[in-house]
Amino acid sequence: MNELSKIHLIYLVTGRMESQRQITTSSLQAAGVLFDKLLMNDVGPSKEEQIQSKKNHVEPIASQVVMVFEDNPESKKMYKNLGIPKVI
């Protein structure tokens, strides 16, 4: 992913709540993960709310998204339904 950051903006969209921003940012920095923006869950803690939060963040920019890395099958389906060309 760090190689991609040389030619693309990297937005990390997570189901983690906004209250976990500091620990999430610290963990990503400690792991050496480069990113331009961290978009946190602003809806609620349930799986359905996590997916809705991700959709809310990505839907307005979906036409510009080149690739998504996602481990949740329901989120993968949502990203594909938004027309994102590559969902891994």
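The largest nonpolar core has 10 residues: Ile51, Val58, Ala62, Val65, Val68, Met78, Tyr79, Leu82, Ile84 and Val87. A nonpolar core here is a set of buried Ala, Val, Leu, Ile, Met, Phe, Trp, Tyr and Cys residues joined through side-chain atoms within 4.5 Å; buried means under 20% relative accessible area, exposed over 50%, and partly exposed in between, with a 1.4 Å probe and protein chains only. At least two residues of this core come from each of H2 and H3. Apart from it lies another core, of five residues, including Ile10, Leu12, Leu38 and Met40. In soluble globular proteins, nonpolar side chains tend to be buried together.

The model is predicted: local features need pLDDT of at least 70 and side-chain atom pairs count only at pLDDT 80 or more, while totals for chains, interfaces and linings use all residues. Residues are numbered from 1 along each chain as its sequence is written, and side-chain values use heavy atoms, with hydrogens and water left out.

Ile51 touches Asn72, Glu74, Ser75 and Met78, leaving aside neighbours within four places in sequence; contact means heavy atoms within 4.5 Å. Helix H3 spans residues 73-81, and its buried residues are Ser75, Met78 and Tyr79. Seen down the helix axis, these fall within an arc of 100°, so they line one face of H3; the arc is that of the directions from the axis to the C-beta atoms. The buried residues pack against strand S1 (11-17) and helix H2 (47-58). On the face turned away from the buried side, H3 carries the exposed residues Pro73, Lys77, Lys80 and Asn81.

After H3 comes Gly83, with a positive phi near 90°.

Along the sequence the chain follows the pattern β-α-β-α-α, where helices (H or I, at least four residues) and strands (E, at least two) are DSSP runs numbered from the N terminus. The radius of gyration, taken over C-alpha atoms, is 13 Å, close to the 12 Å that the globule rule (2.2 Å times the number of residues to the power 0.38) gives for 88 residues, so the chain is as compact as a globular protein of that length. Buried residues make up 33% of the 88 residues.
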